[in-house]
Each structure stands twice: as structure tokens, then as C-alpha cells.
Amino acid sequence: MGVPQQPKEERRSFLFSFGIDKLGLVALRAPYVSAVIIALLTVLAVLGVSKLKVDDSLSELFRTNTEEFRRYEEIDHRFPSSEYDVLVVVEGQNLLTREGLHAFSNAAMELQLVDGVSGLVSMLSARGKPDESGYAPPIVPDELPEGQAFDAVVQQIRSNDIVKGKFLSDDGQLALIVLALDRKVVAELTPKAVIGNIKDAAEKELASANLSAKLTGAPVMQLEIRNAVERDRLVYNGLGFLAGFVMAYLFFRRLSLTLIAVLGPTIAILWTLGVLGGLDFRLNLFINVITPLILVSGFSDSMHLVFAIRREIMAGTGRLEAARMAVRDVAPACLLTAMNAALALASFSLAQSALIRTFGVAALLAVAISYIAVAVVVPTLAALLIAKETGPPIAHPEDTGGGIGWLYRVTTAIVGHVIRYPLLYTLAGLIAVISSGWAYSQLVPMYRLADQVPDKEQALDATGRLDQKLTGANPVHVMISWGNKTGKGTVDASLYDPQTLSAISDAHAVVEQKAGLGNTWSLDSLRRWLREAGDDRIETVQKYVGLLPGHLVRRFISVNEKAVLVTARLPDIDASQVLPVVEKLDRELDRVREAHPGYDIIVTGLPAIAARNSARLIDELNWGLVGDMFVIFIFLGIVLRSVLPGVTSILPSLFPIFATGSLLWLAGEGLQFASIIAITVAFSLAIDSTIHFLNRFRLEEDKLGGGRGSEIDALKNTVHHIGPAVVLTTMVLALGLGVTMLSDLPSLRRFGQLTAVCLASSLFAQLVILPATIALYRRYFPRKPERADTRDAAGAAPIRSP
């Protein structure tokens with residue numbers, strides 16, 4: 001009998017691990033019990049997922065604890081219709097023919113009867129001059145005349161100041177119907193049903209005249225966002241996992257290993273979404289990115305664990321011991337990647353935006369849950385699913401055939417070549433980082449509402465037609481309030497006080513003439529119409545306000561008659577172009593404020609809020625991420641008790657981020673919210689692979705004992721262990737995340753494109769820049785050799801610096 005082999009001692013954990021890296025060892029003590037617990041938690045997670053709801057708010061991104069946003073919300077309370085209109089865009093060459101106008105009139109009547117519609121305004125709402133009794137007949141009568149009389153009606157419509165450029169395009173081929181919705185009825189019937197009924201009613205009546213109808217406005221956009229988020233979550237996540245599963249199986253050629261590699265991150269995602277659903281987090285553009293974020297970190301960790309288990313099993317080790325060895329060697333790096341991801345995401349949880357802050361908290365939860373899930377699930381499944389090897393032990397898996405053997409040979413050849421010329425490749429990496437970093441620094445913040453809305457649906461198409469033929473669909477408001485007990489606007493006056501009407505008139509003129517905004521509406525619009533009719537006395541104005549439908553009055557006069565709106569519309573353009581318009585409007589209103597000191601006059605509305613805050617928020621996220629990067633580099637050096645990780649991780653971690661930014665710069669685009677998230681995922685992947693590489697290199701140096709030149713063998717052994725895992729992880733993630741390029745949401749498509757660039761550049765950084773920088777560092781700062789008797793039975797030496 002031979003001498004019994006001494007059990008290997010556990011690897012020394014890094015600082016601040018607190019034993020969390022040994023969760024997998026706890027699970028392996030009773031794998032069947034662990035499996036039962038995993039199954040129970042998964043069932044509970046499914047219940048949590050069923051509670052997930054979609055947040056379709058267009059303004060939540062800019063929700064901050066500021067006076068500005070509170071004023072914006074005040075508009076929603078005082079003027080319920082102001083931000084909740086459905087805009088029906090009717091278009092066709094026959095619009096102003098007798099047949100077309102008849103169909104349009106029928107459509108307007110049918111739309112008023114749709115459940116959930118409280119009223120509408122269109123070109124048919126225009127009235128002629130009032131007669132002696134005060135009655136103002138409609139320009140378009142119920143019974144349409146024929147011949148010259150009909151031509152006169154059309155001419156009146158096209159020349160009417162209230163209609164032209166506001167409800168009817170100059171070429172007479174596009175008309176706008178504005179529907180006010182009853183929020184309570186919409187909530188009862190669901191937006192999908194109400195908006196669907198609106199669409200059906202309009203199309204049914206307009207089809208006879210070959211007129212088309214497309215819907216837009218906040219409710220329509222919100223519905224399309226909700227549908228796209230739900231569809232993406234189900235379809236693209238499913239496609240991503242299917243593609244990843246197929247790719248992993250083609251290389252592993254073993255169902256058990258493939259299942260273990262895929263089920264780890266799958267269960268991590270399920271647990272995370274279950275917790276988020278249980279805590280009432282709402283799905284939105286940002287929370288939807290939690291899934292690919294977990295997929296990146298979870299799948300990477302899972303693949304490294306599976307490769308380590310596979311290597312030990314092929315060498316003849318039993319499956320339980322192979323799982324234990326993988327946990328000892330790989331789990332510390334998995335925990336360290338989770339801790340670094342948490343640091344990278346910490347800046348999000350401190351953002352001013354409520355939406356981004358919520359994403360930051362959810363992402364931190366996701367990182368913690370993902371690590372726990374992968375660290376427990378992968379070893380447990382390995383102990384239960386992997387069959388015993390029947391063939392002879394294989395000491396060098398790179399000698400095997402198939403896809404894995406090919407990856408071993410390719411990665412070994414690449415790294416072997418790089419470490420022969422470390423100075424050359426380090427300089428090349430430095431030049432690449434500096435040049436791409438310069439391009440990244442040139443990026444400017446960009447934001448458009450269209451980035452949040454599906455661009456293959458009707459809302460953006462209809463908005464585009466309004467931008468082209470009218471003055472746009474996005475409302476900008478000037479709110480004038482008075483009678484407030486504190487703060488501004490304390491003058492005690494009535495709505496029909498001459499001073500109040502003068503303030504409204506002055507503000508209306510500024511919006512229309514000085515700011516250059518179109519489709520301007522306010523109480524002064526009614527006064528102007530009455531003035532043309534020859535009677536704009538205050539009593540007459542008050543009388544006609546009483547005759548108007550309630551939904552129309554509430555668009556520009558609050559219920560208590562202590563606040564009014566002056567509303568204009570502008571096209572959906574980038575926030576950087578909207579900001580000068582908003583700032584100019586605000587400056588021009590200073591003269592109105594000076595002339596009417598007792599009135600509080602503010603500029604608000606979603607375009608104004610976005611213009612003022614989007615650039616600041618994007619800059620805040622960008623510089624927060626950049627700052628987190630350097631904190632992470634320092635953190636790596638501290639927890640691994642060595643200068644080498646902190647120094648050598650800089651170039652390979654920065655390159656994927658800067659390369660991704662360079663693509664945006666070359667495409668003439670700027671930093672968007674989706675870009676920042678993609679870059680964060682890029683950094684997460686880059687630092688994840690870097691940590692696994694450095695952890696394996698540390699273990700190999702421990703085995704070799706250091707000494708000048710030992711880094712070459714340590715690097716070769718490192719790539720033998722994790723080279724295929726890095727490549728296969730990148731390929732699977734490229735397929736898994738690449739399906740987002742099929743999304744209807746422009747932001748998610750951009751996310752998929754940027755992720756593809758980041759994955760390719762990250763792979764280049766791990767196989768070229770990182771080995772070169774390590775080899776160059778060790779050339780000038782070699783590790784001191786350790787005596788054989790100071791190393792443990794596993795060949796591990798105490799960690800020394802540098």
C-alpha cells in the first residue's frame with residue numbers, strides 16, 4: 001500500500017471575504033439537502049416573478065427631490081389632461097374633400113363615445129363669430145354643404161387662426177384630434193383596451209375615405225413601452241438562454257456540464273427577479289438590464305467553476321472532491337468580482353434620479369443574490385449530476401479533441417506569443433487605451449424621448465408626422481399661479497382680474513413670439529378669438545369659459561381658478577437642442593415676472609425637465625463610474641495583498657470601456673442613459689475576467705514558489721486553466737446579449753450593439769493586454785522565491801508583495 005495522500009489545505013482567502021467564499025463547501029456537505037433548499041427558493045422566486053409589474057412612466061427618469069420636479073408634478077394634479085392626451089393623427093390626400101371631411105366628422109363622433117374618452121378637440125371644434133345672441137356656430141356644420149358652399153367651409157377652416165398650424169397642416173393633408181382620457185375609467189378597463197378601442201373606432205370610420213389614423217401621446221407611448229418591456233423580457237431572454245445553451249453544449253459535448261453552466265445563472269436571474277417582484281420593484285428600461293447584468297457576472301463565474309470541475313474530473317478526481325477543489329480555487333475570485341461589481345454600481349444607488357437610484361439598489365441586490373446562487377447551485381448540481389469518468393485520467397485537457405481542446409490550443413498559442421514580447425504588447429495596449437480614452441472624453445450627453453419608446457410601433461411614427469407637418473407633439477408649459485399662502489405668487493386676485501388676464505396675455509405672447517414655439521394655447525387664445533369677433537370684455541370671456549366643455553377648460557384653468565397654463569408644443573429633438581429654447585423662454589419671461597410681481601411664473605413640462613436634467617444625470621453617472629473604476633483598482637491591490645493586481649488590471653479593464661465609447665464617438669453619437677448602462681456592463685465583464693485571471697495566476701505562482709522567470713510558466717499554466725473559459729464565456733454572452741439588437745426599443749438595440757463591442761474588446765484585453773502587463777511587471781518586480789518547506793501541501797505559498 002502506498003502512503004496515504006495528505007488532504008489539501010484550503011486556499012487562503014483574500015481580505016474582507018469573511019468566509020463567504022466557502023458557501024459552496026457548506027452546500028457540498030449535504031448536496032441533497034442543498035438541492036431541496038434550492039428547489040424551494042426557486043418556487044418562491046417564481047411567485048415573486050409573478051408579482052412583477054411594469055413602470056411605464058416617461059417622467060420617472062427625472063424624478064428628483066427638487067422644487068423643479070415637484071412643480072412638474074403639481075401640473076399633473078392641477079391640470080389632469082395636460083400630460084395624458086391621446087393624439088390621433090389623421091392623414092390622407094382626401095382629407096379636405098367632402099367625403100374625407102364627412103369620414104373625419106363621423107370618426108370624431110365615434111371617438112367621443114369610446115369608453116374612457118372624456119372629450120376631444122379637433123378642427124371641428126372651431127367656431128365662427130358669435131351672433132347677437134352670443135351663439136357661435138361651428139365652421140363645419142353637421143350637414144356638409146356642396147359645391148361653392150363646401151369650398152367656402154374648407155377655406156374658413158384653413159384660414160382659421162385656431163385651426164391652421166395647430167389642428168390642420170398647411171397642405172391640408174394632416175389633421176390632429178386631441179382626446180382627453182378619464183384616468184379612472186382607463187384604470188378600470190386597462191389602457192390596452194381603451195387605446196385599442198380608440199384605434200379601431202378611428203380606422204373603421206376613416207377607411208371609407210382612404211384616410212389613415214395613427215395614435216401617439218403619453219398614454220400610447222406608455223402602453224407601447226409596457227408591451228415592449230414585457231415582450232423583451234420573455235422573448236429575448238428566452239432566445240438568449242437558448243443560444244447560450246446550444247453554444248455551451250457544442251463545446252462541452254456533455255449535457256450535465258452544459259446544464260450546470262447554464263442553470264447557475266438561470267436560477268440566479270430567477271431568484272433576483274423573484275426578490276425584486278416581492279419587494280415591489282417595477283420593470284422599466286433600467287431594471288430590464290438587471291437580467292443581462294446577472295447573465296454577464298453569473299455566467300462568467302459559472303463557466304469558471306464548471307471548467308475547474310471538469311479539469312479535476314478528467315484528471316481522475318471524484319466529483320465531490322472536484323467540486324470542493326473548484327470552490328476553493330475559483331469561489332474567492334467569484335466573490336471578489338461580486339464585490340467589485342457592487343463598487344461599480346454603488347454610484348447608481350446614490351444618483352439624484354429616483355429611477356436610476358432604484359436601479360442601483362436593485363443591481364446591488366442582484367449582484368449579491370447572483371453570487372450566492374452561483375456559488376451554491378453550481379457545486380450542488382456538480383455533486384448530483386456529473387457521472388463518474390470511465391476513461392483513463394487526462395492530466396492535460398488541452399490534449400483532448402473537440403471545441404474545448406481547440407480553445408486550449410488557440411488561447412495557449414496567443415498568450416505564449418504575447419508574453420515573449422511583453423513590452424511591445426503593453427505599449428500597444430497603452431496606446432489603445434489612451435487613444436480610445438481621448439475619443440471617450442469627447443462624448444457629450446444626449447437624450448431624446450424617442451430613445452425610451454419603441455420605434456417600430458405607431459406612436460413614434462405619428463409623432464414624426466406631427467414634427468414634420470405641425471409643430472410637434474411634446475408639450476411645454478408655462479404655469480402662472482397666484483393666491484399662494486407662502487412663497488411666490490401671493491397676490492390675492494381672481495382669474496378674471498384685469499391684472500391676471502394681462503399676465504396671461506404677456507406670457508402667451510412671449511411663448512408664441514419670443515421663444516418661437518408653435519401651437520400655443522391658453523385662456524388668451526379665447527380672448528383673441530373674442531377680440532376678432534368684436535367683444536373681448538371680461539364678462540364675455542367669463543361667459544364663454546362657462547360654455548366650454550369641462551375637459552377643455554381644465555386644460556388651461558385649474559379647478560380653484562388660481563392657476564393657468566400656457567401650453568405650446570415642440571418636436572422630439574435632442575435635449576441639448578431643447579435646452580436653449582427652454583432657457584431663452586425662461587429669460588424672456590423675466591420681464592413678465594417683473595411686470596407682474598405677485599404672480600409665480602415657471603417653465604415646466606417633460607421636455608423642459610429632460611432638457612435641464614438629462615445632461616447633468618448622464619454626467620453624474622459617467623463620472624461616478626469613472627471614479628468607481630479607480631477605487632476598484634486600489635481595492636484589488638488591498639484585498640489581494642499585492643501591488644500587481646492593482647497595477648496590471650488598469651489597462652485591460654479600461655480598454656473595453658473606452659473602446660465602447662469610441663464606437664459612439666465614431667458614429668457621431670453621444671452618451672445616452674443606455675450607453676452608460678452598457679459601459680457599466682462592459683466594465684463588469686472586463687473586471688470579472690481580469691479577477692479570475694489574476695486569481696489563477698496567484699495560485700500558479702504559489703505552486704511554483706516564485707523566482708525570476710517563474711511568471712512565464714505561471715502565465716502558461718493560468719491560460720491552460722481559464723483561457724477556454726474566458727473565450728467560451730465571451731461567445732455565449734455575445735449570443736445571449738446580442739439578441740437585444742432585435743428589440744423594438746432603440747435603447748436596448750443600442751445596448752446590444754455596444755455590448756458586442758465591449759465583449760470583443762474585453763476578450764482582446766484578457767488574452768493580450770493583461771498577460772503582457774503581468775509579464776512586464778514581473779520582469780522588473782519579480783516575486784521572491786519561496787523555499788519548498790514553507791509552502792503548504794497543495795503547493796500554495798503565503799501571498800507576498802509585490
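Which residue forms a salt bridge with Asp586? It's Arg593, and the closest N and O atoms of the two are 2.7 Å apart. A salt bridge here is a side-chain nitrogen of Lys or Arg within 4 Å of a carboxyl oxygen of Asp or Glu. Keep in mind that this is a predicted model: local features need pLDDT of at least 70, side-chain atom pairs count only at pLDDT 80 or more, and totals for chains, interfaces and linings use all residues. Residues are numbered from 1 along each chain as its sequence is written, and side-chain values use heavy atoms, with hydrogens and water left out.

**Salt bridges**

- The structure holds 26 salt bridges.
- Arg593 is partly exposed at 22% relative accessible area, and Asp586 is partly exposed too, at 24%. (Buried means under 20% relative accessible area, exposed over 50%, partly exposed in between, using a 1.4 Å probe and protein chains only.)
- Asp85 and Arg569 pair up through their side chains, at 3.7 Å from N to O. This one links distant parts of the chain: Asp85 sits in strand β2 and Arg569 in strand β9, 484 residues apart. Both Asp85 and Arg569 are buried.
- Glu321 and Arg324 also meet in a salt bridge, but they lie three residues apart in helix α11, about one turn of the helix. (Helices, H or I with at least four residues, and strands, E with at least two, are DSSP runs numbered from the N terminus.)

**The sheet**

- Four strands make an open sheet in the order β8-β9-β7-β10, with antiparallel pairing. (Two strands pair if DSSP finds at least two bridges between them.)
- β8 and β10 stand at the edges with a single partner strand each, so one side of each has no neighbour in the sheet.
- Five bridges join β7 to β10, and His477 stands opposite Thr604 in β10.

**Nonpolar cores**

- The largest nonpolar core has 213 residues, and Val88, Met123, Ile198, Phe252 and Leu728 touch the most other members. (Such a core is a set of buried Ala, Val, Leu, Ile, Met, Phe, Trp, Tyr and Cys residues joined through side-chain atoms within 4.5 Å.)
- Helix α12 gives the most to this core, with 18 residues.
- Apart from this core lies another, of 39 residues, including Ile504 and Phe556.
- In soluble globular proteins, nonpolar side chains tend to be buried together.
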